[in-house]
Amino acid sequence: MNPIEQNLANWEASLLSSIPIGGLLSRNPVAYKWKAPFRAWMLREAVFWRVHDLMNQSYALHHQGHGLGARILLRSGLESLATLIYLNQLVQQVLDGKLDFHAFGGRTSVLLLGSRDGSTEHQSINIVTILQKCDKRYPGIEKLYAILSESAHPNYEGMVAGYSKVDHDQYETHFSNRWMELYGNRHIGAMELCMSTFHHEYNDVWPALMEKLEEWIEENDAQLEATKDNPTTPG
């Protein structure tokens, strides 16, 4: 079993099957009377399920020689990873006093319940905006996403480069599926980068931030109660 397959197997064994409210209240009854920390748990685990699913399918398509589908799924994986990175950035802003806690609660609602088709009452945040913020923490992630997006769209790369090649000597254009030829040898490395970054944000960054956020809520609970009907966003 290669590293990608081993990581995917380990992830599958680690997927959380439920989040019991009672367990969170036992963990910290003051922090979890507020909805925002619970939404943060929901977001974290939903991202984990989605990233695992997308990476599984991306790897399977790559293994079968379906390069375009593999790249499109990896692109979706980066979007999902970016959502977790952005959530962690928001928590840090609360801890640093740069984001009002009640405004943070609103952001978690949008991240968890946002849509573009009107199926929910919240409009989702543009993923490019999220990626721009994530790029400050992981320089290059926005560029990698842009490169993958070129493959996903029916523009020059998605159409002409992906399916044709010009023979300048013979003045002919030859058509074929070129995705594995163009990107097959880079795909696994890009998957490993996405997965290792997710692993760090999920296992290292998020737990430490959540513990600090729980402590912060306890220390500021009285003020939060006093301001819950009149939230402000400083700075």
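I started with Q89, which sits in helix α4. I kept in mind that this is a predicted model.

Is Q89 buried or exposed? I get 17% relative accessibility, and the cut-off for buried is under 20%, so Q89 goes down as buried. Next I looked up what Q89 touches, skipping residues up to four places away in sequence: K133, C134 and R137 came up.

Then I went for the largest nonpolar core. The count there is 58 residues. Which of them have the most contacts inside this core? I noted M55, F101, F104 and F198. I also listed the elements that give two or more residues to this core: α1 (3-14), α3 (35-63), α4 (67-95), α5 (101-113), α6 (127-134), α7 (141-152) and α9 (179-227). Of these, α9 gives the most, with 14 residues.

With neighbours within four places in sequence left aside, I found F198 in contact with W11, V47, F48, V51, L81 and L84.

Last, the surface. I found a nonpolar patch of about 340 Å², and wrote down Y156, M159 and V160 as the residues that make it. Where does V160 lie? I have V160 in helix α8, which covers residues 156-163. Its relative accessibility is 44%, so I logged V160 as partly exposed. That label is for values between the buried limit of 20% and the exposed limit of 50%.

Definitions and conventions:
Residues numbered from 1 in each chain as written. Predicted model: local features only at pLDDT ≥ 70, side-chain atom pairs only at ≥ 80, totals over all residues. Heavy atoms only, no water. Patch = residues over 30% accessible without salt bridge, like charges linked within 9 Å, V, L, I, M, F, W, Y side chains within 5 Å. Areas by Shrake-Rupley, 256 points an atom, 1.4 Å probe, with all protein chains shown as cover. Salt bridge = Lys/Arg side-chain N within 4 Å of Asp/Glu carboxyl O. Helix = DSSP H or I, 4+ residues; strand = E, 2+ residues; numbered from the N terminus. Buried < 20%, exposed > 50% of the residue type's maximum accessible area, 1.4 Å probe, protein only. Core = buried A, V, L, I, M, F, W, Y, C linked by side-chain atoms within 4.5 Å. Contact = heavy atoms within 4.5 Å.
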